[in-house]
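Biologist: I am new to this structure and would like to learn how to read its features one by one. Could you show me the model and start with an enclosed space?

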Amino acid sequence: MAPDSKDKPPKDTVPLNDIPVLDEKRVVLARDMLPEKLPIIIIENRPVFPRMIVPIILDDDRGKHTIADLVKSSAKHIGVILARARNDRRENEPIKVEDLYSVGVVAEIIRANQTGPDAPIQVMLRVLERFRVEAILAREPVIVAQVRYLFESEMTGNEELKAYAVAIISAIRDLTKLNPLFKDELNLFLGHANLNDPGRLADFASAMTMASPAELQDILETTSIRQRIEKALLLLKKELDVSKIQAKINQQIEEKVTKQQRDFFLREQLKAIKKELGLVKEGKEAELEQFRERLKGLKLTPEASERIEEEMSKLSLLDPSSPEFNVSRNYLDWLTILPWGVFTPDNYNLKQAEAILNRDHYGLDDIKEHILEFLSVGVLKGSVSGSILCFVGPPGVGKTSLGRSIATSMGRQFYRFSLGGMRDEAEIKGHRRTYIGAMPGKFIQAMKICKSLNPLIMLDEVDKIGASFQGDPASALLETLDPEQNREFLDHYLDVRFDLSNVLFVCTANVLDTIPRPLLDRMEIIKLSGYILEEKLQIARKFILPKQIKAGGLKNDQVQLTTPALREIVDGYAREPGVRSMENAIKKICRKAARKIVIRKGLRIKLDAKNLKEWLGKRLFSNEDPFRKPRTGVVMGLAWTSLGGETLYVEASRVEADKPGFKQTGQLGNVMVESSEIAYTFVRSFLNDRPEAKRLFNKNFIHLHVPSGATPKDGPSAGITMACALYSLAINKPIRPHWAMTGELSLTGLVMAIGGVKEKTIAAKRANVRNLIFPKENQRDFNELPAYIRRGLRPHFVTTFADVARLCF
């Protein structure tokens, strides 16, 4: 508060001590007129230091109220204290008194302005001295504190502090050279810097740094001038190091920008020189010249030539900044980059083709023979145009790699893309140029990449193609895969007819059921049935094991797998028709071997069937078949699935009941349910002259079940298997051991032909079943199987169920 009169100090001031008297007049020092009780304003960013003039903006209600009260009164002194930073403080939450530091500064208000009632108050303060809060006298509406001032003593004759002051001034000079932000103010301060006032110098040096609020508050709270000036010098050194790094980064950026500008100017000058000499053309002319250069050596169709000339004329008239310019340029880019009239010479060396097929694949002799016959036709005809092959078989039997081998043997470029999940016909026929980001379809893209008109294009997963509101890709393929239509294939983007008749198309599929019939009619179907145990052993030894040893960074003598070990892998961990599970098992062995060899240098690993469990874990397929022992009402059947052939069992049981009945379980499809009902009706009719059997059907409820109930099953080929299970139950006699069968049964007892003979035979051989029953009509299919598949099997061909009953019982 301000003094009440000129003669005596106010009651809230520090007592005067030892006031010197000159000419009989009392002289009072300004430091002794500071009030002991101060209203407090709170700041948050960084503290302010004594003997400086600083602006402060107050936007909190408490601060505005404090300044308003002081402006109304005659008092001009106010306390300024920094608040501690707290992460848990919410936005716009008032700062508590407990969050204030204990040391602040007293300042005199020079000027206070406010543009509106709700606007922040701008205050200009002259900071005077430090103080320490002794007690809080009031909290609301204005914070009032009892303070004790921390005055500094005179340090005029201290030479050590002068040395510190010189060091600070030197550091400030270095800082002004690196950071010109406060250059004028710093130079003005340095011009009036007083080495005899090191405390003020330390405060000013600290205030100009970018130190944290806590570090600056520490300087403010340090009353010892020596300690304060040491801390200030440390902050200056840190600031100097940061400024040096910043200057270095700025210099690097400036050098980079300068180099880019220099390179830009040199390129522009070079371009201008070349243009004057006629060495290069600019903009549209250069692009048109590039398009014309591409056309040299190409044999364009009349339609394509006319379209290209038309587009070039249009491009020459368009402004480069026009949107139409980029559309036309991209269109010309596609038209001129396609291989019009460019062919790669075909290699019809049958011996070389056979060697390549044998090098890349083991077994599949019938497939290789089919491919060689296909190439032989090409030798006589001079081309293999108009051909679409389709490899059908379970996963992992080598369909995709066969296509690659055909391309290698013929010397053609190879391009593969998958149709699985494709739902947009624009993937096949391309987008129209009116769309943003339009581009040609996959076939035109393949021509661009292969750079010839006669590549081999493989369409993988043709049986998994989809359809949506965007179109039906399968229908779009009809034109592409039709030899009579694809010579004038029209892509929506090109809008120019392109000849695809010289392309050799090879498709792959797991099943034929999901391929549309019109598309299937255009293909030549080649079925791959899978591998038997002996074939897998050879494939593992000749192909997979060397490949995985090399991929694992091993040497051939570091890992050895004996034949019993390989046989155990195939039989216990990889019974599927393909070889992927077997390859994964061998890959796992090589990884474990690599880890052991890294730990123990020079280790040699040899695996046998006995210690294979330590490397691959528990067998996935058990040798113990609970159904292998003959039991009444249990018969083994042979089935075909999309993953190859499988063996399945059919069980029949009875429960005494007042009324006869029959039901089936095991997730059977509609066709299989009908087959079971036919078998039930036929067996009752077949045994109608046997009283015991007739009594069983009349007094019992019959239940037919196919195990593995979680797997859906369907198809007519289990007819005789179901009838045989019901027949065994009726006569109370089990079937002979090691017998399996397949065949469709008619209501009158005829056994009709089925499909998938090879797959079912391989499944029986895998299950070590020797006696097989097939329909008589499938005898030719069985005889056409390779000898190594038929070896060790005893097939029996039947025409009626009476033949089945005679063989099995």
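Modeller: This is a predicted model. Begin with the second largest cavity, whose lining is made by Leu 364, Ser 529, Gly 530, Glu 535, Lys 758, Tyr 788 and Ile 789. That cavity has a volume of about 40 Å³.

Biologist: How many cavities of 30 Å³ or more does the structure hold?

Modeller: There are two of them.

Biologist: And open spaces? What is the volume of the second largest pocket, and which residues lie nearest its centre?

Modeller: The volume of the second largest pocket is about 880 Å³. Its lining consists of 25 residues, and nearest the centre lie Ile 43, Glu 44, Asn 45, Ile 56 and Ile 57. Two or more lining residues come from each of β3 (37–43), β4 (53–58) and α1 (61–72).

Biologist: Which element gives the most to that lining?

Modeller: Strand β4 does, with six residues.

Biologist: Let us turn to helices. How should I read the pattern of buried residues along one?

Modeller: The general idea comes first. An α-helix has 3.6 residues a turn, so residues three or four places apart point the same way. Now take the case of helix α5, residues 213–221, where Leu 216, Gln 217, Ile 219 and Leu 220 are buried. Looking down the axis of α5, the buried residues fall within an arc of 155°, so they line one face of the helix.

Biologist: Which residues of helix α4 are buried?

Modeller: They are Pro 198, Gly 199, Leu 201, Ala 202, Asp 203, Phe 204, Ala 205 and Ser 206. Helix α4 spans residues 198–207, and eight of its ten residues are buried, so this helix is largely enclosed by the rest of the structure.

Biologist: Asp 203 is a charged residue in that list. What is it linked to in a network of salt bridges?

Modeller: Asp 203 is linked with Arg 130 and Arg 228 in that network. To read a salt bridge, look for a side-chain nitrogen of Lys or Arg within 4 Å of a carboxyl oxygen of Asp or Glu.

Biologist: How many salt bridges does a search of the whole structure find?

Modeller: The search finds 29. One of the pairs is Glu 98 with Arg 139, where the closest N and O atoms are 3.2 Å apart. This pair links distant parts of the chain, 41 residues apart: Glu 98 sits in the loop between β5 (77–82) and β6 (103–114), and Arg 139 in the loop between β7 (121–138) and β8 (143–149).

Biologist: Where does a salt bridge link two helices?

Modeller: Look at Lys 231 and Asp 218, whose side chains meet at 3.0 Å, N to O. Lys 231 is in helix α6 and Asp 218 in helix α5, 13 residues apart. Lys 231 is partly exposed, with a relative accessible area of 28%. Asp 218 is partly exposed too, at 34%.

Biologist: Which pair has a buried arginine?

Modeller: That is the salt bridge of Arg 412 with Asp 346, at 2.8 Å from N to O. The two are 66 residues apart, with Arg 412 in the loop between α12 (399–410) and β10 (414–418), and Asp 346 in the loop between α9 (323–337) and α10 (350–360). To call a residue buried, its relative accessible area must be under 20%. Arg 412 has 8% and is buried, while Asp 346 has 22% and counts as partly exposed.

Biologist: Last, how do I compare separation in sequence with separation in space?

Modeller: Take C-alpha distances for two pairs. Arg 619 and Glu 568 are 51 residues apart in sequence and 9.0 Å apart in space. Arg 619 is in the loop between α20 (613–616) and β18 (634–641). Pro 395 and Tyr 435 are 40 residues apart along the chain, and their C-alpha atoms are separated by 38 Å. Pro 395 lies in the loop between β9 (388–392) and α12.

How values were computed: Residues numbered from 1 in each chain as written. Predicted model: local features only at pLDDT ≥ 70, side-chain atom pairs only at ≥ 80, totals over all residues. Heavy atoms only, no water. Buried < 20%, exposed > 50% of the residue type's maximum accessible area, 1.4 Å probe, protein only. Helix = DSSP H or I, 4+ residues; strand = E, 2+ residues; numbered from the N terminus. Arc of directions from axis to C-beta. 1 Å grid on protein atoms, 1.4 Å probe; cavity = no way out; pocket = protein on both sides within 12 Å on 5 of 7 lines; lining within 4 Å. Points joined across faces, edges and corners; volume = space filled by probe spheres on them.
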